[in-house]
Amino acid sequence: MNLCFVLGGFQGVGGIGRVVSILANELSQKAEYNLYFVVMNEWDRGKFLYDLPENVTGIGWKAPKSMKKVFFYGGIQKLKRYLKDNRIDVVIGCGALYFPLIVMACVGIKTKSLCWEHSNANNAADHQFQKICRWIGAKFSDCVVVLTKYDERLYQTKYRSKRIYQVYNPIDPLLFCSKERVPFIKRKIISVGRLTYQKNYPLLIKIANRVLKNHPDWQWHIYGDGPEEESIKQFIKENGLSAQLILKGQVRDLYLLYNEYDFFVSTSRYEGFSMAFLEAVANGLPIISFDIECGPREIIEDGKNGFLVAPFDENKFIECIEKIITSGSIREYMVTEQRKKAQIYNCHSIVEQWNRIFKIMIE
């Protein structure tokens, strides 16, 4: 079976590239699959943040950033030719932005289209035509895959999609090879995510300002880059936090770094099914997050492996951070519960769900 993934690329910290690389590495070990990639960026493995198997084929379009321009410059016909030339059985649009492109490219050819939702299905803040893209995917694709049970219900009720499957993102097997957690002696907090509106860093900085001033021996590190980097740096400086709240940028070896931290914090306004959350789970880090409408509540059991806080209750959020910082018994309990939780997202069982979906599609 020939599978083709269409996505932005593998150069950024974003979760789509990460989860696609995990799935690709697992599928490439199965003799029945040949994997192809079309990325809206250059195809340069030396610049990828995530490893891909050597036996996959990929091209980079260096396409205009606007998908409207991709259409105007013949993107549909270009993709259609690629799918036909490589006898692709299933093309997977990774993110709602690519749903119209893959659906229209499959018209008149044998390739089946699969729309893989990577965000909360109510979110419309990522790009201008997000709702329309979802509607096209739900109505005209051969299949939609969503990340959470919440999104499965949304697609059924909001978009009237009947060909829909829910599959969680997997935890990378490499994370289970990492060292066992060292007891809480690091005095460091970690946050991971692009420096964008979604991640709500201004509120994170306000919270950090109050927490870190009470705990001058602690540090808080943020991994990722993005369009709000300069404004966030300035806000950190204005709050006198430069020595404790530190932007670490993009790194290739993030998997190896989680063991240096005590717990994970997210102040996101919205999420799909965060890969960073899963990495925290696999490493036994308690998670504190706002109980936004999608994502965190399907990973965090409040009081067991972390805390869910009503959006966007700053005081309660700080109270939960203080509990983890000051209580050794709470920390140890949450680490144990997090290790149990990790087994739910076992990569091999999730890949088997994908196998079943692909086989159903080409029957």
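Author: Contact means heavy atoms within 4.5 Å, and helices (H or I, at least four residues) and strands (E, at least two) are DSSP runs, numbered from the N terminus. The model is predicted: local features need pLDDT of at least 70 and side-chain atom pairs 80 or more, while totals for chains, interfaces and linings use all residues. Residues are numbered from 1 along each chain as its sequence is written, and side-chain values use heavy atoms, without hydrogens and water.

Reader: What confidence does the protein chain have?

Author: The average pLDDT (the predictor's confidence in each residue, from 0 to 100) of the protein chain is 89, and 93% of the residues score at least 70. Helix H2 (residues 67-72) has the lowest confidence, with a mean of 70, and strand S5 (residues 112-116) the highest, at 98. Where pLDDT is low, the predicted coordinates should not be read in detail.

Reader: Why is H7 called roughly parallel to H8?

Author: The axes of helix H7 (residues 201-214) and helix H8 (residues 229-238) cross at roughly 20 degrees and come within 10 Å. H7 is therefore roughly parallel to H8, since angles under 35 degrees count as roughly parallel, over 145 as roughly antiparallel, 65 to 115 as roughly perpendicular and the rest as oblique. The axes are lines fitted to C-alpha atoms, for helices over the stretch in contact, and angles run from 0 to 180 degrees between N-to-C directions.

Reader: Which residues of H7 and H8 meet?

Author: From H7 they are Tyr 201, Pro 202, Ile 205 and Lys 206, and from H8 they are Ile 232, Phe 235 and Ile 236. By class, this contact of H7 with H8 has six nonpolar residues, no polar and one charged. Ala, Val, Leu, Ile, Met, Phe, Trp, Tyr, Cys and Pro count as nonpolar, Asp, Glu, Lys and Arg as charged, and the others, Gly among them, as polar.

Reader: How are the axes of H1 and H13 placed?

Author: Helix H1 (residues 15-27) and H13 have axes that come within 10 Å and cross at roughly 80 degrees. H1 and H13 are therefore roughly perpendicular to each other. H1 brings Ile 22, Leu 23, Glu 26 and Leu 27 to the contact, and H13 brings Cys 347, His 348, Val 351, Trp 354, Asn 355 and Phe 358. Seven of the residues in the contact of H1 with H13 are nonpolar, two polar and one charged.

Reader: Where does H13 lie?

Author: Helix H13 (residues 347-362) lies across strand S1 (2-7), strand S4 (90-94), S5, S6 and S7, and runs at about 145 degrees to S5.

Reader: What makes S3 and S7 edge strands?

Author: Their sheet is open and has seven strands, ordered S3-S2-S1-S4-S5-S6-S7, with parallel pairing. Strand S3 (57-60) and strand S7 (164-166) each pair on one side only. To pair, two strands need at least two bridges found by DSSP. S5 and strand S6 (residues 143-146) have three bridges, in the parallel sense. Leu 114 has Cys 143 in S6 as its bridge partner.

Reader: Which strands stand at the edges of the sheet of six?

Author: That open sheet has the order S10-S9-S8-S11-S12-S13, and its pairing is parallel. Strand S10 (245-249) and strand S13 (306-309) have a single partner strand each, so one side of each is left without a neighbour in the sheet. From one strand to the next, the twist averages 20 degrees. Strand S9 (residues 219-223) and S10 run parallel and are joined by four bridges, and Tyr 223 stands opposite Gly 249 in S10.

Reader: What is the omega of the peptide bond from Pro 311 to Phe 312, and what is the phi of Arg 160?

Author: Omega is near -20 degrees, and the bond is cis. Phe 312 is in the loop between S13 and helix H11 (314-326). For Arg 160, phi is near 55 degrees, a positive value in a residue other than glycine. The loop between helix H6 (149-157) and S7 holds Arg 160. Most residues other than glycine have a negative phi, and most peptide bonds are trans.
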